[in-house]
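Please examine the sequence and the structure before reading on.

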Amino acid sequence: MVFIQPMTDPLRHLPGPDGAAYENHFRQLMDPKYSLDTHEDWATKYGKTFRFHGFGKYDYRLISLDFRVITHVLHSPIYEKPWQTRSFLARLIGKGIFSMEGNEHRRQRRLIGPAFSSQSAKQMLPIFVQKAEELREKWLSLISNASDSSLPEQSEGASIDIAHWISRASFDVIGLAGFDYHFRALQDETEDVYLAYRRMFSIADKGPGIRGILELYMPWLRVIWPTKDVRVTNQSLRTIKQAGKILISRKKNEVLQNHKQCCELDRKDLLSLLITANLSTDIPKRLSDTELHDQCSTMLLAGSDSVSLAISWCLYLLSLHPKIQTRLRDELRSNLCIPSGNGGNGSDATSEVPHENGDIMHLLPYLDSVVRETLRICPPVHGTIRVATTDDCIPISDKIVLRNGSIIQAGEHIRIRKGSYIHIPIEGLNCSPDIWGPTARLFDPDRWMSLPEEARSPLHPGLGNVMTFGFGPHSCLGYKFTLSEIKVFLSILIPSFEFIPAKDIQIGKFNAILTRPYVIDQWNLGTQLPLIVRPYEHPQA
């Protein structure tokens, strides 16, 4: 592996950075502090497709900013998530759609798909509105209780960790919309299942570390020599499993009762829809209770923290760009039923988001552009990885100058052998100047009014070549659900508040399972995104 195989690896001929025998380039490519510069610098030096060192010089890995390469890899059944990634995810969320590959993944996707239709996303709107308004009232209360002395320059505002509060709201949303389950996280953080997930995800956010990597190859370590984190994770999983069994049993009984009586389903949560769709298939092809539970855990991960991070990053970007924030607020207040007061309290603060068809994209074009631009600049998932399960030839659309000076022309192929890893730089593609132009790194919602040709895609007509939801058979099933929830929360929060950067605080990004914010010099406190939030004062006519 170390000496012989690298000599026959076709990736050794590709351009790319050099390093010592056991040097890796993971930090340059995966730490958001460096990754954007790295992608741009290396693409300039080596072209759109190149190789880098994984766990040393013997571990050549492919990375590409060429959409022809990416499309081939993400659409071909030859490429799968590595078993290490799947094992890590399965330990946390079971063998759901994120953890499966091949025929099993296709089977689960076919059974789950109907629960994520456009119609089901529209049916969730009242839940989105309810929780967004509840969050607004919580923030108004926090602002009301804030002492003036703590914020001498912001007498009518408060410093609020928006990432924490929006995460609580999104947990409530996925609890109700996903399973008709009340976490009540916005009221207080005491519900057992909520706390179990929070403890488990907090441990996962630390990253696997050396011990975690050893456990992937030697899982018996978790049994005979469990660490504190392993014990906490195991207890959390027991709590979640016990609650999941009760919930699934109750839901199945409700669905079967409606089915027998030929009644329309009362509850429209995703789990009920999933069970209903499951009943209509052949018995051998149905999802078992264990698989239903694993899908619930998968939906919770994808439908809570990823959504809350998108909303949090959006509010942060708007705080840095007050003119954009003002323009968005003006559009929302002009098109929605927003009271002319200060966002105040009680009934005077109630806003009305369109409910008739659940589609506010065409009514609010600038909101749509802001959301798209946020998902482009701050994708909740920084990147992903695939492994070749057999030798393959990958087509390219941009020439590659090999290390010996020879050239592989556009339209030709590069060879890759079985077992090689391919890194998909989601953030790098989303911010590539070759795709998005010289202003690729700038937060500019207006770019969506006239996208460059390279940024358009028939695969995602609404999102262009944004990689945030992926492409191909592993693309995100719940993207319509996600977009609707983000837009509803912004539609209610932006007209009610002004968001201002907290003084003397710098926000950075770190990658765990998702890309999370933290306060620079306060790494030990974990995920944080404090902003000054104050009620919006509408100028009187």
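Questions about this structure and their answers follow.

This is a predicted model, in which local features need pLDDT of at least 70 and side-chain atom pairs count only at pLDDT 80 or more, while totals for chains, interfaces and linings use all residues. Residues are numbered from 1 along each chain as its sequence is written, and side-chain values use heavy atoms, with hydrogens and water left out.

User: How many helices and strands does the protein have?

Analyst: Helices (H or I, at least four residues) and strands (E, at least two) are DSSP runs, numbered from the N terminus. Counted in this way, the protein has 19 helices and 14 strands.

User: What percentage of the 541 residues in the protein is buried?

Analyst: A residue is buried under 20% relative accessible area, exposed over 50% and partly exposed in between, with a 1.4 Å probe and protein chains only. Of the 541 residues, the buried share is 53%.

User: What share of the contacts with a separation of 6 or more joins residues 24 or more positions apart?

Analyst: Contact means heavy atoms within 4.5 Å. Among the contacts in the protein with a separation of 6 or more, the share from residues 24 or more positions apart is 72%.

User: What is the volume of the largest cavity?

Analyst: Rolling a probe the size of a water molecule over the atoms shows where empty space is left. On a 1 Å grid over the protein atoms alone, a cavity is a set of points where a 1.4 Å probe fits but cannot get out, and a pocket is an open set with protein on both sides within 12 Å along at least five of seven lines; lining residues have an atom within 4 Å of a point. Grid points are joined across faces, edges and corners, and a volume is the space filled by probe spheres set on the points. The search finds three cavities of 30 Å³ or more, and the volume of the largest cavity is about 160 Å³.

User: Which helix gives the largest share of the lining of the largest cavity?

Analyst: The largest cavity is lined by 14 residues, with V193, Y197, G244, L247 and C296 nearest its centre. The lining divides into eleven nonpolar, three polar and no charged residues, where Ala, Val, Leu, Ile, Met, Phe, Trp, Tyr, Cys and Pro count as nonpolar, Asp, Glu, Lys and Arg as charged, and the others, Gly among them, as polar. At least two lining residues come from each of α9, α12 (228-260) and α14. The largest share, five residues, is that of α12.

User: Which residues lie closest to the centre of the second largest pocket?

Analyst: The second largest pocket holds about 490 Å³ of space. Helices α8 (162-179), α9 (192-204) and α14 (289-320) each supply at least two residues of its lining, which comprises seven nonpolar, eight polar and five charged residues. Of the 20 lining residues, the closest to the centre are S202, D205, R516, G526 and T527.

User: Is R168 buried or exposed?

Analyst: R168 belongs to helix α8. Leaving aside neighbours within four places in sequence, R168 is in contact with A185, L186, Q187, D188, E189 and Y194. A polar atom of the R168 side chain lies 3.4 Å from the backbone oxygen of L186. At 7% relative accessibility, R168 counts as buried.

User: What is the relative accessibility of K131?

Analyst: K131 lies in helix α7 (residues 125-145). Apart from neighbours within four places in sequence, K131 is in contact with A169, D172, V173, L176, L186 and F489. K131 counts as buried because its relative accessibility is 6%.

User: How far apart in space are Y366 and L332, C-alpha to C-alpha?

Analyst: Y366 is found in helix α16 (residues 365-377) and is buried, with a relative accessible area of 4%. In sequence, Y366 and L332 are 34 residues apart. In space, their C-alpha to C-alpha separation is 9.0 Å.

Technical notes
A polar contact is a pair of N or O atoms within 3.5 Å; within protein, one must be able to donate a hydrogen and the other to accept it, and residues adjacent in sequence count only if both atoms are side-chain atoms.
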